[in-house]
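Thanks for making time this morning.

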Amino acid sequence: MSTLRMLYLALAIWGTIHPMYYFVTWFNAEGWSLSAMVDAWHANAAASGLVWDLTIAAVTLTIWIIAEVAVRRNFLSLIAIPATFCIGVSCGLPLYLFLRTAPIR
């Protein structure tokens, strides 16, 4: 496996674990309410801007994945879409790049 491909995988793992640590810490402290978390994401203009930035990046990544799957027929890479929306762009993007750079068979 190429070094770049392994780097993508390492970033996908880091992009899963690191943000999840903060999410779980927040849920443990504040209660397991998704609506409360969404409210916290919009606590101020800076946080709202970051949420919208990541949302637009996630939608863009999803469109790119779907367009590439239509051409490449690499259906396994569709797993990066739920990873993006359930974990975050920090997981979904490097996971997609890892899957996209798999050797062609």
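**A walk through the helices**

Let me start with one residue. Ser48 sits in helix α3. Is Ser48 buried or exposed? Ser48 counts as buried, because its relative accessibility is 17% and the cut-off for buried is under 20%. Who are its contacts? Leaving out residues up to four places away in sequence, Ser48 touches Trp41 and His42.

A caution before I go on. This is a predicted model. Please keep that in mind throughout.

Now the overall layout. The protein chain has 5 helices and 0 strands. Read from the N terminus, the order is α-α-α-α-α. The C-alpha trace spans about 50 × 25 × 20 Å along its principal axes. The chain has 105 residues, and 28% of them count as buried. Take the contacts with a separation of 6 or more: residues 24 or more positions apart account for 54% of them.

Next, the record. An unreviewed UniProt entry lists residues 7–29, 49–71 and 78–99 under "transmembrane region". Here is how two of those spans look in the model. Residues 7–29 are 100% helix and 0% strand, and their end C-alpha atoms lie 33 Å apart. Residues 49–71 are also 100% helix and 0% strand, with the end C-alpha atoms 33 Å apart.

On to the inside. How many residues make up the largest nonpolar core? It has 14 residues. Ile65, Ala80, Leu95 and Tyr96 have the most contacts inside it. Four helices each supply at least two of its residues: α1 (3–30), α3 (45–72), α4 (80–86) and α5 (89–100). The largest share comes from α5, with 6 residues. Look at Ala80 in particular. Setting aside residues up to four places away in sequence, Ala80 touches Ile65, Gly92, Leu95 and Tyr96.

Now the outside. Where is there a nonpolar patch on the surface? Leu4, Leu7, Leu11 and Trp14 form one, with about 400 Å² of accessible area together. Trp14 lies in helix α1. Trp14 counts as exposed because its relative accessible area is 53%, and the cut-off is over 50%.

Last topic: charges. The structure holds 2 salt bridges. Let me take them in turn.

One pairs Arg72 with Glu68, side chain to side chain, at 3.0 Å from N to O. Both residues lie in helix α3, 4 residues apart, which is about one turn of the helix. Arg72 is partly exposed, at 41% relative accessible area. Glu68 is buried, at 17% relative accessibility.

The other pairs Arg100 with Glu68, at 2.7 Å from N to O. This pair links distant parts of the chain: Arg100 is in helix α5, Glu68 is in helix α3, and they are 32 residues apart. Arg100 counts as partly exposed, at 27% relative accessibility. Which residues end up in one network? Through salt bridges with shared partners, Glu68, Arg72 and Arg100 are joined.

Key:
Residues are numbered from 1 along each chain as its sequence is written. This is a predicted model: local features need pLDDT of at least 70, side-chain atom pairs count only at pLDDT 80 or more; totals for chains, interfaces and linings use all residues. Side-chain values use heavy atoms; hydrogens and water are left out. A nonpolar core is a set of buried Ala, Val, Leu, Ile, Met, Phe, Trp, Tyr and Cys residues joined through side-chain atoms within 4.5 Å. Buried means under 20% relative accessible area, exposed over 50%, partly exposed in between (1.4 Å probe, protein chains only). Contact means heavy atoms within 4.5 Å. Patches are made of residues with over 30% relative accessible area and no salt bridge: like charges are joined within 9 Å, nonpolar side chains (Val, Leu, Ile, Met, Phe, Trp, Tyr) within 5 Å. Accessible areas come from the Shrake-Rupley method with a 1.4 Å probe; for residues, only the protein chains shown count as cover. A salt bridge is a side-chain nitrogen of Lys or Arg within 4 Å of a carboxyl oxygen of Asp or Glu. UniProt positions are given in the numbering used here, feature names are shortened, and annotations may be inferred rather than shown by experiment.
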